[in-house]
Amino acid sequence: MTAALLDFDAHPAALTDLDRLPQDMREAAVHHLRRLVRCQQRGPVLGRRGLWDLTGCRRVYLDHDRRWRLVYQERPPLPVSESSGEIYLLAAGPRSGHQVYNTAARRLQLLTAGNPAA
């Protein structure tokens, strides 16, 4: 088994997103998150999605139909970390109606405004 090369963190509400996924999608999300922190996978870079600018974020498809997704950021390492960076999960959920992108963008705006728990 390959060791993690990147740290993992998540917006507090993104962990709730994971819990609310259907079980097969939750298992797929955990699988993909492991691959991300082991640098075995990278999602495509996002830009504008719907009304939101998600520049600097990436996505991962959780199923073959591309209905379920993760939206995350690759961040530089924290000063106290020995890793080469961090995977920061912003949202997990359905693509339908840009739902996962809307959620990620709102959380990203709140983080930028200094309110990480909202």
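# Helix packing and nonpolar cores

The buried residues of α2 are Met 25, Ala 28, Ala 29, His 32, Leu 33, Leu 36 and Val 37. They lie on the same side of α2, because the arc they cover around the axis is only 165 degrees. In helices in general, residues three or four places apart point the same way, because an α-helix has 3.6 residues a turn. The helix itself comprises 15 residues, and its first and last C-alpha atoms are 21 Å apart, close to the 21 Å expected at 1.5 Å a residue. Against the buried residues of α2 pack β1 (7-10), α1, β4 (57-61), β5 and β6. Just beyond the end of α2, Cys 39 adopts a positive phi of about 60 degrees.

The model under discussion is predicted. It contains 3 helices and 6 strands, which follow one another from the N terminus in the order β-α-α-β-β-β-β-β-α. Of the 118 residues in the protein, 44% are buried. Among contacts with a separation of 6 or more, 56% join residues 24 or more positions apart.

Attention now turns to the nonpolar interior. In soluble globular proteins, nonpolar side chains tend to be buried together. The largest nonpolar core here has 18 residues, and the members touching the most others are Leu 18, Leu 21, Leu 62, Leu 70 and Leu 89. At least two residues of this core come from each of α1 (12-20), α2 (23-37), β5 (68-75) and β6 (86-94). Helix α2 provides the largest share, with 6 residues. Residues up to four places away in sequence aside, Leu 62 is in contact with Leu 21, Met 25, Ala 28, Ala 29, His 32, Trp 68, Arg 69 and Leu 70. Another core, of 13 residues, lies apart from the largest one and includes Leu 46, Ala 91, Ala 104 and Leu 108.

Strand β6 also contains Ala 92. This residue is counted as buried because its relative accessible area is 10%, under the 20% cut-off. Beyond residues up to four places away in sequence, Ala 92 touches Asp 17, Leu 18, Leu 21, Arg 69, Leu 70 and Val 100. Ala 92 and Arg 26 are 66 residues apart along the chain, yet their C-alpha atoms are separated by 9.1 Å.

With a relative accessible area of 3%, Ala 105 is buried. Its contacts, leaving aside neighbours within four places in sequence, are with Trp 52 and Leu 54. Between Ala 105 and Arg 48 the C-alpha to C-alpha distance is 9.9 Å, while 57 residues separate them in sequence.

Finally, the aromatic rings may be considered. The structure holds 0 aromatic pairs.

Conventions. Residues are numbered from 1 along each chain as its sequence is written. This is a predicted model: local features need pLDDT of at least 70, side-chain atom pairs count only at pLDDT 80 or more; totals for chains, interfaces and linings use all residues. Side-chain values use heavy atoms; hydrogens and water are left out. A nonpolar core is a set of buried Ala, Val, Leu, Ile, Met, Phe, Trp, Tyr and Cys residues joined through side-chain atoms within 4.5 Å. Buried means under 20% relative accessible area, exposed over 50%, partly exposed in between (1.4 Å probe, protein chains only). Helices (H or I, at least four residues) and strands (E, at least two) are DSSP runs, numbered from the N terminus. Contact means heavy atoms within 4.5 Å. Rings of Phe, Tyr and Trp (its six-membered ring) pair if their centres lie within 6.5 Å; planes under 30 degrees apart count as stacked, over 60 as edge-to-face and the rest as tilted. The expected span of a helix is 1.5 Å times one less than its number of residues. The arc is that of the directions from the helix axis to the C-beta atoms.
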